[in-house]
Amino acid sequence: MSNIALEVRDLVKSFSLDGATIQAVDNVSFQVRSGEFVALVGPSGSGKTTLLSILAALLSPTSGQVLIDGQDLAKMNERERVKLRREKIGFTFQSNNLIPFLTARENVEYMLRLNGALNHGSRIRSDELLARLGLAERLHNLPAQMSGGQQQRVAIARALIHNPAVVLADEPTASLDTERAFQVVETFANLIHENGRAGIIVTHDLRMCQFVDRVLQMRDGKLVRIIEDKNEILEFAGAAVH
Ligand SMILES: Nc1ncnc2c1ncn2[C@@H]1O[C@H](COP(=O)(O)OP(=O)(O)OP(=O)(O)O)[C@@H](O)[C@H]1O
Ligand SMILES: [Mg+2]
């Protein structure tokens, strides 16, 4: 029985807007084990990014609990949350947020540098990871010298390089062509499985669900469906059932 890397209990996030209250996340509970790759799907505005931001400790919930590696985010002070985010969480956002004046390699190494873990060995790992994502020729390019899809792949490498317990990716394939998106999500899945991370990927492209172990579907802030059976997942992804 592998351990629970991420646990969410009765999570609620409401926003007030022009006197009205929006329940962006409405009483959501689930767990993700180490080595498990989960897709979070749902229509635009269903609360996916809000949920991911709370899991990344970037946004506080209105109520409910988040435990990362058994640690309750609400019981930490800001300094401890920053440390946890830096060491245990890897994330990519809908916009990739690369640092514009650093090369691909330097953007990835930045996470190692923050953790005081940049050395010869970790630099080799960083170059290997970029190569695995098809960026061997791009190590010394700045973000502005790369395509949107190449930048997204650098952001994925940056989310994985420091061996976080939890990896959160919000639409990491949005600017990739289909073939490349399949490759990237498959590589992503392999890295999650090989290294025992807990991964959550948000995607609008249901075909990407064929690479995950579980699908969580949101609507209006609520978790409305969970698909765990591999054949059902493949069917949901529109892939052939073997
Ligand atoms: N800071 C905010 N203030 C007010 N409302 C917000 C805020 N952030 C998000 N919302 C609202 O919360 C709801 C969920 O938004 P969220 O960004 O989580 O959706 P999403 O599922 O990620 O959508 P998309 O697929 O378009 O990225 C939306 O109705 C949105 O308008
Ligand atoms: Mg979103």
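## Salt bridges

Glu-7 is buried, with 16% relative accessible area (buried is under 20%, exposed over 50% and partly exposed in between, with a 1.4 Å probe and protein chains only). The model is predicted: local features need pLDDT of at least 70, side-chain atom pairs count only at pLDDT 80 or more, and totals for chains, interfaces and linings use all residues. Residues are numbered from 1 along each chain as its sequence is written, chains are lettered from A and ligands numbered from 1 in the order in which they are written, and side-chain values use heavy atoms, leaving out hydrogens and water.

Glu-7 pairs with Arg-9 in a salt bridge whose closest N and O atoms are 3.1 Å apart; the term covers a side-chain nitrogen of Lys or Arg within 4 Å of a carboxyl oxygen of Asp or Glu. Arg-9 counts as partly exposed because its relative accessibility is 33%. The structure holds 14 salt bridges. Another of them joins Arg-105 and Asp-127, with 2.6 Å between the closest N and O atoms. This pair links distant parts of the chain, since Arg-105 is in helix H3 and Asp-127 in helix H4, 22 residues apart; helices (H or I, at least four residues) and strands (E, at least two) are DSSP runs numbered from the N terminus. Arg-105 is buried at 18% relative accessible area, and Asp-127 is buried at 19%.

A salt bridge also forms between the side chains of Asp-205 and Arg-207, at 2.9 Å from N to O. Arg-207 has 35% relative accessible area and is therefore partly exposed; Asp-205, at 23%, is also partly exposed. Elsewhere, Arg-33, Glu-36, Arg-214 and Glu-228 are joined into one network by salt bridges that share partners.

Helix H5 (residues 148–160) has 13 residues and spans 19 Å from first C-alpha to last, close to the expected 18 Å at 1.5 Å a residue. The expected span is 1.5 Å times one less than the number of residues. Twelve of the 13 residues of H5 are buried, among them Arg-153, Ala-155, Ile-156 and Ala-159. The buried residues of H5 pack against strand E6 (89–92), H3 (104–114), H4 (120–132), strand E7 (166–170) and helix H6.

Thr-92 lies in strand E6 and is buried, at 5% relative accessibility.

H6 has 18 residues; the distance from its first C-alpha to its last is 26 Å, close to the 26 Å expected at 1.5 Å a residue. Its buried residues include Phe-182, Val-185, Phe-188 and Leu-191. Strand E3 (37–41), H4, H5, E7 and E8 are included in what covers the buried residues of H6. After H6 comes Gly-196, with a positive phi near 65°.

The structure holds three aromatic pairs. One of them is Phe-182 with Phe-211, edge-to-face at 6.2 Å centre to centre and 65° between the planes. Phe-182 is in H6 (residues 178–195) and Phe-211 in the loop between strands E8 (198–202) and E9 (214–219), so the pair links parts of the chain that are 29 residues apart. Rings of Phe, Tyr and Trp (its six-membered ring) pair if their centres lie within 6.5 Å; planes under 30 degrees apart are stacked, over 60 edge-to-face and the rest tilted. Both Phe-182 and Phe-211 are buried.

## Positive phi and a surface patch

Most residues other than glycine have a negative phi. Asp-10, in strand E1 (residues 4–17), has a positive phi near 45° and is partly exposed at 45% relative accessibility. Asp-220, in the loop between E9 and strand E10 (222–227), has a positive phi of about 50°; at 58% relative accessibility it counts as exposed.

Phe-15, Leu-17 and Ile-22 make a nonpolar surface patch of about 260 Å². Patches consist of residues with over 30% relative accessible area and no salt bridge, like charges being joined within 9 Å and nonpolar side chains (Val, Leu, Ile, Met, Phe, Trp, Tyr) within 5 Å. Accessible areas come from the Shrake-Rupley method with a 1.4 Å probe, and for residues only the protein chains shown count as cover. Ile-22 lies in strand E2 (residues 20–33) and is partly exposed, at 39% relative accessible area.

How values were computed: Contact = heavy atoms within 4.5 Å.
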